[in-house]
Amino acid sequence: MTNAMIIGGGSGIGLALARTMLAEGMDVTIVGRSADRLAAAQAELERAAQGKISTVPADIGREEDVAELFARVERVDHVAVTAADATGVYGRITDVATATARAMVDTKLLGAWLVGKHAAERVTGSITYTSGINAYRPNGSNTIVAAANGALASLAYGLAIELAPVRVNVISPGWVDTPVWNQLNIDKQAAFAEMAERLPARRIGTPDDIAQAFVSVMRNGFITGTVLHVDGGHRLT
Ligand SMILES: NC(=O)c1ccc[n+]([C@@H]2O[C@H](COP(=O)([O-])OP(=O)(O)OC[C@H]3O[C@@H](n4cnc5c(N)ncnc54)[C@H](OP(=O)(O)O)[C@@H]3O)[C@@H](O)[C@H]2O)c1
């Protein structure tokens with residue numbers, strides 16, 4: 001039985017990935033900070049599951065949490081990381097609090113590194129991280145997120161060598177309709193419509209678009225040290 005851990009699996013892209021993996025018969029553990037969010041996700045996933053679903057509350061930015069998370073498993077086939085807390089991180093550099101920027105780097109980049117460190121002795125198949133289009137198309141109000149996302153590529157290149165034959169990759173989504181957009185003070189539907197018109201794919205991404213990319217990278221034993229762009233052609237615009 002293949003098993004997988006999805007850190008960030010309680011919502012958005014991670015939740016869609018959990019749904020896909022369970023439907024394929026894998027056993028899936030979803031991880032996030034909020035026990036309530038995990039319980040709601042578990043209740044939803046159990047309805048359609050073929051594989052088994054379990055939850056563990058943990059904060060990827062806290063080393064003790066990440067260490068404990070992997071200490072409790074003997075072996076994990078695939079680890080996916082979609083966790084990121086972007087609260088308050090968007091805005092001009094002069095307006096973003098340093099503590100907020102540090103929290104982004106601590107979770108998105110150092111958290112990813114912590115996963116590599118504590119999964120190293122347990123993971124047998126792959127680790128896949130999530131970066132994002134803003135690393136490649138920054139817009140003047142997301143610089144620290146872009147920097148953390150960009151650095152994830154180098155982290156994956158390094159770990160692909162260090163943890164080989166475990167494969168380490170990054171998925172870089174374009175704009176995807178998930179709950180993360182609800183935190184932003186914008187007209188989401190208008191922004192999505194405008195972006196959809198610009199994109200070669202002529203639409204915004206769905207969580208399932210990204211989940212499918214995760215699964216293909218996990219399953220393909222010859223993909224390692226790669227950033228896979230799943231962005232509707234956003235980098236070409
Ligand atoms: N949606 C997009 O348009 C888009 C575009 C490009 C890249 N991305 C990237 O895709 C990834 C997933 O985003 P999403 O849109 O699916 O967001 P989402 O719906 O907000 O999901 C993020 C998940 O991560 C968990 N999380 C946040 N901080 C955490 C922490 N410190 N430790 C453990 N879990 C944590 C959250 O649960 P808790 O709050 O309960 O911890 C939540 O379940 C992110 O890395 C994001 O930057 C998204």
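Reply: Let us begin with a term: a polar contact is a pair of N or O atoms within 3.5 Å; within protein, one must be able to donate a hydrogen and the other to accept it, and residues adjacent in sequence count only if both atoms are side-chain atoms. Here, an oxygen atom of the ligand is 2.8 Å from a polar backbone atom of Arg 33, and an oxygen atom of the ligand is 2.9 Å from a polar backbone atom of Ser 34. From Arg 37, a polar side-chain atom lies 2.8 Å from an oxygen atom of the ligand. The protein buries 92% of the 880 Å² that the ligand exposes when taken alone (Shrake-Rupley method, 1.4 Å probe).

Me: What kind of model is this, and how are its residues numbered?

Reply: It is a predicted model, in which local features need pLDDT of at least 70 and side-chain atom pairs count only at pLDDT 80 or more, while totals for chains, interfaces and linings use all residues. Residues are numbered from 1 along each chain as its sequence is written, and side-chain values use heavy atoms, with hydrogens and water left out.

Me: How many residues surround the ligand?

Reply: A residue is near a molecule if one of its heavy atoms lies within 4 Å of it. The ligand is surrounded by 29 residues, the closest being Ser 11, Arg 33, Lys 108, Val 176 and Thr 178.

Me: What is a nonpolar core, and which residues touch the most other members of the largest one?

Reply: In soluble globular proteins, nonpolar side chains tend to be buried together. A nonpolar core is a set of buried Ala, Val, Leu, Ile, Met, Phe, Trp, Tyr and Cys residues joined through side-chain atoms within 4.5 Å; buried means under 20% relative accessible area, exposed over 50%, partly exposed in between (1.4 Å probe, protein chains only). The largest core has 31 residues, of which Ile 7, Phe 70, Val 79, Val 115, Ile 127, Tyr 129 and Val 168 touch the most other members. Helix 5 gives the most to this core, with 6 residues; helices (H or I, at least four residues) and strands (E, at least two) are DSSP runs, numbered from the N terminus.

Me: Is Thr 29 buried or exposed?

Reply: Thr 29 counts as buried because its relative accessibility is 18%. Thr 29 lies in strand 2 (residues 27–32), and its side chain makes a polar contact with the side chain of Ser 54 (3.1 Å).
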